[in-house]
Amino acid sequence: MKIEVVSLRCLCLLLAFLLTPSVVPAQSLTVHAPFDPNHYQPLDTPQRWTRWAMEDGGSAAIHVQSFTSATYLQVIADPSAWSRSAGGFARRLGSGYGANLIQNSVHEGMAGMMGSDPRYFACGCSGFFHRSGYAMKMTFLTHAHNGHLTFDLPQLAGIYGSSMVEATWWPHHYTALVQGVQTGHIQVGLTGAIHLAQEFSPEFKRIVHWKSRQ
């Protein structure tokens, strides 16, 4: 069930981004213009602090994810050791907030220390397969302070670190090295899916807006 919850969090954030981007203005979901090394401006310290504040409560994204996953867990009574009482819901909600806070803070904090860029820049290429390949590649890569591509350790550390830590406060049959790592694998795949949605968000939004006018 833990894997289903991670999937639900990402799905709700993804749908909110596509359908109501003004309601969920998470910094991590902002799509920037294609990367141009000649005009690249790295994030400065105040900008990084602003991103961190927005990710950890300044935008609606973390609240949407946390409340949705807690409600789902409450309905299916998972974990069963946490009752369907108000106290059980509070524990589920706190777990969701805790995991999101850890993931965002590790990602943004490590990116700041290493000088890497946590922003998503759209592909300057054309064609479905080229753009899709780029989006998946940027699940593991990011831009360093000098603009060169580098391994995105901060993002992956945030994903696996938060999943493993969250498993420690779930009931005893959930372990960091088993369910925590498994959940991290799923989260990496879902991060790639979010990148795909970001890459093709102009097309998605045009379709949604066209449908809404019919």
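Predicted model: local features only at pLDDT ≥ 70, side-chain atom pairs only at ≥ 80, totals over all residues.
Biologist: What share of the residues counts as buried?
Modeller: Buried means under 20% relative accessible area, exposed over 50%, and partly exposed in between (1.4 Å probe, protein chains only). The protein chain has 214 residues, and the buried share is 44%.

Biologist: Which loop holds Thr-139, and which side chain does Thr-139 join in a polar contact?
Modeller: Thr-139 sits in the loop between helix H5 (128–137) and strand E3 (141–143). Thr-139 counts as buried because its relative accessibility is 1%. A polar contact is a pair of N or O atoms within 3.5 Å; within protein, one must be able to donate a hydrogen and the other to accept it, and residues adjacent in sequence count only if both atoms are side-chain atoms. At 3.4 Å, the side-chain partner of Thr-139 is His-195.

Biologist: Which residues does the neighbouring Met-138 touch?
Modeller: Contact means heavy atoms within 4.5 Å. Leaving out residues up to four places away in sequence, Met-138 touches Tyr-120, His-143, Leu-149, Gln-155 and His-195.

Biologist: Which residues make up the largest nonpolar core?
Modeller: A nonpolar core is a set of buried Ala, Val, Leu, Ile, Met, Phe, Trp, Tyr and Cys residues joined through side-chain atoms within 4.5 Å. The largest one has 8 residues: Phe-35, Tyr-40, Tyr-120, Phe-121, Cys-123, Tyr-134, Ala-135 and Met-138. At least two of this core's residues come from each of strand E2 (120–121) and H5.

Biologist: Is the disulfide of Cys-123 and Cys-125 left-handed or right-handed?
Modeller: A disulfide is a pair of cysteine sulfur atoms within 2.5 Å, and here the S to S distance from Cys-123 to Cys-125 is 2.0 Å. Cys-123 counts as buried at 13% relative accessibility, whereas Cys-125 is partly exposed at 29%. The torsion about the S-S bond is about 125°, so the disulfide is right-handed.

Biologist: At what angle do the axes of helix H3 and helix H4 cross?
Modeller: Axes are lines fitted to C-alpha atoms, for helices over the stretch in contact, and angles run from 0 to 180 degrees between N-to-C directions. Residues that meet include Phe-67 and Ala-70 in H3, with Leu-93 and Tyr-97 among those in H4. The axes of H3 (residues 61–76) and H4 (residues 86–114) come within 8 Å and cross at roughly 140°.

Biologist: Which side chain does Tyr-174 join in a polar contact?
Modeller: Tyr-174 lies in the loop between helix H6 (153–169) and helix H7 (176–199). Tyr-174 counts as buried because its relative accessibility is 12%. At 3.5 Å, its side-chain partner is Asp-78.

Definitions and conventions:
Residues numbered from 1 in each chain as written. Heavy atoms only, no water. Helix = DSSP H or I, 4+ residues; strand = E, 2+ residues; numbered from the N terminus.
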